[in-house]
Amino acid sequence: LKTTILKTRKMKKITLFLALIFAVHLTAQTQYQNGMNKAFELWGAKKNTEAAQLFERIATAEKDNWLPSYYAATVLIIDGFAIRDEAELTTHLNKAQGLLDIAKSISKNNPEIIITQAFLNLVYVAFDGQKYGMSLSGKNVQLYEQALKIEPNNPRVVLAKAQWGIGGAKFFGQSTKPFCKEIERSIALFKKEKKKGEFYPFGGIERAEEALQQCGKE
């Protein structure tokens, strides 16, 4: 009887210990989800600075998760298009690059991160095409080819590569029509896309449809 009682007490302690571990895991997961949802809300409300800062704080806590750093970098990159001072832009994009490098170190050869690197390069090119165009254009072509090789049916990769091609065609006074088929292909891929996980990059069909409306008109 004494042995049975001791075994019962031991099992209760193990059960309680496992329950506590599970509870802590759920709490941590909920904090992450709440934080990410809040950051997306701030971003949606055009409070980009606050959103980027929150994504960055989440990244500090989630050291094995590439998504918070990726989104923090993405917000900063988008904001970069509005900056008109070169010194300010360089400081701004250096910060974005640091966050993107963190995401790369966690998730290597990730097409979503690769095309975001090309997006960052595009900000420099858009700021001063003569200064940055020659050095970064070749890099972006390589980045898009790399991402497409890894995930040839990723709609964001297909769309981003096509839009980069359109930008180049406009710069050299060429027709953008050859890239319209790829935009159409991206739309078809968007329609079939399934989510890979919570907060994983997803969607973009509206941007593709808007690009298709303008495609070939230039």
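**Figure 1. Overall composition of the protein.** From the N terminus on, the elements of the protein follow the order α-α-α-α-α-α-α-α-α. The secondary structure thus amounts to nine helices and zero strands, where helices (H or I, at least four residues) and strands (E, at least two) are DSSP runs numbered from the N terminus. This is a predicted model, in which local features need pLDDT of at least 70 and side-chain atom pairs count only at pLDDT 80 or more, while totals for chains, interfaces and linings use all residues. Residues are numbered from 1 along each chain as its sequence is written, and side-chain values use heavy atoms, with hydrogens and water left out. Of the 218 residues of the protein, 40% count as buried (under 20% relative accessible area; exposed means over 50%, and partly exposed lies in between; 1.4 Å probe, protein chains only). The protein exposes about 13,400 Å², of which carbon and sulfur atoms supply 58%; accessible areas come from the Shrake-Rupley method with a 1.4 Å probe, and for residues only the protein chains shown count as cover. Among contacts (heavy atoms within 4.5 Å) with a separation of 6 or more, 61% are made by residues 24 or more positions apart.

**Figure 2. Packing of helix 4 against helix 5.** The axes of helix 4 and helix 5 come within 10 Å and cross at roughly 175°; axes are lines fitted to C-alpha atoms, for helices over the stretch in contact, and angles run from 0 to 180 degrees between N-to-C directions. The two helices are therefore roughly antiparallel to each other, a term for angles over 145 degrees.

Figure 3. K131 forms a salt bridge with E86, with the closest N and O atoms 2.7 Å apart. Here a salt bridge is a side-chain nitrogen of Lys or Arg within 4 Å of a carboxyl oxygen of Asp or Glu, and by this rule the count comes to nine salt bridges. The pair links distant parts of the chain, K131 being in helix 6 and E86 in helix 4 (residues 86-106), 45 residues apart. K131 counts as partly exposed because its relative accessibility is 48%, and E86 is likewise partly exposed, at 26%.

**Figure 4. Salt-bridge network of E112, R156 and E193.** These three residues are linked in a network of salt bridges. E112 pairs with R156, the closest N and O atoms being 3.0 Å apart. E112 lies in helix 5 (residues 111-127) and R156 in helix 7, so this pair ties together parts that are 44 residues apart in sequence. The side chains of R156 and E193 also meet in a salt bridge (2.6 Å, N to O). This second pair links R156 in helix 7 to E193 in the loop between helix 8 (180-192) and helix 9 (205-214), 37 residues apart. E112 and R156 are buried, and E193 is buried as well.

**Figure 5. Surroundings of N154.** N154 lies in the loop between helix 6 (129-150) and helix 7 (155-171). N154 counts as buried because its relative accessibility is 4%. When residues up to four places away in sequence are not counted, N154 touches P111 and E112. The side chains of N154 and E112 are joined by a polar contact of 2.9 Å, meaning a pair of N or O atoms within 3.5 Å; within protein, one must be able to donate a hydrogen and the other to accept it, and residues adjacent in sequence count only if both atoms are side-chain atoms. E112 also forms the salt bridge with R156.

Notes: Angles under 35 degrees count as roughly parallel, over 145 as roughly antiparallel, 65 to 115 as roughly perpendicular and the rest as oblique.
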